[in-house]
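Thanks for coming. I have one model to go through today, so please have it up on your screens.

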Amino acid sequence: MNKKLEYGLRKIKYARLRVTGLERAYDQESSPIVKRALLNCLRKEKDKLNDYEVTGIYEED
């Protein structure tokens with residue numbers, strides 16, 4: 001497997017882990033301000049993963 005493909009797959013793997021972690025943190029958080037911030041981050045990460053599934057390209061900020 002070439003290095004570029006391995007790097008891309010690693011980015012996707014860590015993005016999925018970030019989504020899982022953000023979902024858990026959101027479920028456990030009680031402060032509405034923090035929940036809103038977590039939800040914004042979660043939406044951005046999910047949008048990136050959805051774009052990746054459609055286009056095959058994962059774009060980082």
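Predicted model: local features only at pLDDT ≥ 70, side-chain atom pairs only at ≥ 80, totals over all residues.

Residues are numbered from 1 along each chain as its sequence is written, and side-chain values use heavy atoms, with hydrogens and water left out.

Glu45 lies in helix 2. Helices here are DSSP runs of H or I with at least four residues, strands are runs of E with at least two, and both are numbered from the N terminus. Is Glu45 buried or exposed? Glu45 is buried, at a relative accessible area of 11%. The classes are buried under 20% relative accessible area, exposed over 50% and partly exposed in between, with a 1.4 Å probe and protein chains only.

Now the charged pairs. A salt bridge is a side-chain nitrogen of Lys or Arg within 4 Å of a carboxyl oxygen of Asp or Glu, and by this rule there are three salt bridges. One joins Arg18 to Glu45, with the closest N and O atoms 3.4 Å apart. That pair links distant parts of the chain, Arg18 being in helix 1 and Glu45 in helix 2, 27 residues apart. Arg18 is partly exposed, with a relative accessible area of 35%.

Glu45 also forms a salt bridge with Lys48, and here the closest N and O atoms are 3.7 Å apart. Both residues lie in helix 2, three residues apart, about one turn of the helix. Lys48 is buried, as is Glu45. Through shared partners, salt bridges join Arg18, Glu45 and Lys48 into one network.

Lys46 and Glu23 also meet in a salt bridge, at 3.1 Å from N to O. This pair too links distant parts of the chain, with Lys46 in helix 2 and Glu23 in helix 1, 23 residues apart. Lys46 is partly exposed at 35% relative accessibility, and Glu23 is partly exposed at 30%.

Next, helix 1. What are its buried residues? They are Lys11, Ile12, Ala15, Val19 and Leu22, and the buried residues of helix 1 pack against helix 2, residues 32-55.

Finally, the whole chain. The secondary structure comes to two helices and zero strands. The C-alpha atoms fill a box of roughly 45 × 15 × 15 Å along the principal axes. Buried residues make up 18% of the 61 residues.

Technical notes. Contact = heavy atoms within 4.5 Å.
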